[in-house]
Amino acid sequence: MNVPLMISRRLRLAGDGRGPSRSGVVIAVAGIAIALAVMMMSVAVVVGFKDAISAKVAGFEAPLTIIPVGAEDISPLAVRADDSVVGQRIRDVLRDYGGSIRVARVMDRPGVLKTDEDFLGVVFRAYGPEHEPGFEKDNLVAGVLPSKADEIVVSQSQADMLHLDVGSRVFCHFISEGAVKTRRFDVAGIYNSNFGEYDRTIAYASDKALSRISGVGTDCYEARGLAMSDIDRSAAAVQSMLDRGYASGEIPGRHVVQTVWQRGAMFFNWLGLLDTNVVVILVLMACVSGFTLVSSLIILILERVRLIGILKSIGTTNGQIRAIFLWLGARIVLIGLLIGNFVALGIIAVQRLWRFIPLDPKAYYLDFVPVSITPVQVLVLNGAVLIFAILLMLVPAAIISRISPASVMRYE
């Protein structure tokens, strides 16, 4: 029989329900619940924010982009592929990484949109038929994606600057072979990703339109559908294949493979800084909950010194008495964890469903606070708080060994 557990189950946490022990228990439970809730929501916000921003970057930048040597200086958002052999060889290499990988050709052409009142420099982007336009469709706020040679899609910020709307006609000037070529386009749709840098730069056109325009601009192959864990390995494999192909003369021109980590480095480095903020929050919350728990356990011990003296006088060891109070402390921790989980998971669920906490998209690239947390992360947080609390409770429990049975029997 576990005697300490049996005794602890018969003891009330708040003693007689009056005095400092009741307040101490309430404060300790509240401290643990608040600390766990803040920890869990912090992790959920950071994970959700990382997932949302990474998805936006991956929408504009493919996991792998094949760049011919020298094309990086033309446009940071576009690359050239010299021959269709490149695309086929890329497919062959990436076939080992899964059947859902898609290799598509991408065309980028810089141009200037011109209206009667203003003008704006943009990069027109068009995809080959292999591309699945799910990301572009999700960002559409009006109209449709371009399907004809005289249709384009502009961003909301571009439309606001040039006073355009669906159905508007706009002229675009391209540089081709030292001369300026002018084309007139109809605005077929407007998109808004809330991703300022890309929204100010990218406009979509059909591959029919851009394939007719030569001159400054680049074509590329991109590979999508790769798992994040496979990006670096697949990039090395494709790069090795391209180098061998160039050395043998099978592939015209040298090519460089860039990953989404490289092309979106500014955003991923920014997201990496969020980890430091989470660590600071976790440490602060652990200190707060630990202080309240230790204080509460000390109060519980001091209010039961006569009980401690009686137990010692009948032969109960210090270890057994410590175990009694550790079980009492564990009850406080478990109650706090239960309340903290209920509050945190409730707020996270409500935010995921109704997005009641907004954000300024100009500053955060999102118009709401994204939250995401996995069952594993919930279990890890709960386990870490529980272990940390138990270790902290060993400190006040050490007071028990210094209590003398003779002196505590006279304790008032």
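Hi everyone! Let's start with a word we need: a residue is buried when its relative accessible area is under 20%, exposed when it is over 50%, and partly exposed in between, using a 1.4 Å probe and protein chains only. In this chain of 412 residues, 47% are buried.

A quick note on the model. It is predicted, so local features need pLDDT of at least 70 and side-chain atom pairs pLDDT 80 or more, while totals for chains, interfaces and linings use all residues. Numbering runs from 1 along each chain as its sequence is written, and side-chain values use heavy atoms, without hydrogens or water.

Now, the inside. A nonpolar core is a set of buried Ala, Val, Leu, Ile, Met, Phe, Trp, Tyr and Cys residues joined through side-chain atoms within 4.5 Å. The largest one here has 82 residues, and L64, I90, L94 and V238 have the most contacts inside it. Helix α2, residues 20-60, gives the largest share, 17 residues. (Helices are DSSP runs of H or I, at least four residues, and strands are runs of E, at least two, numbered from the N terminus.) Apart from this core lies another, of 22 residues, including L120 and V170.

Which residues does V238 touch? Leaving out residues up to four places away in sequence, V238 touches L64, I66, I90, V93, L94 and V257, where contact means heavy atoms within 4.5 Å.

Finally, please look at the chain as a whole: you'll find 15 helices and ten strands. Among contacts with a separation of 6 or more, 79% join residues 24 or more positions apart.
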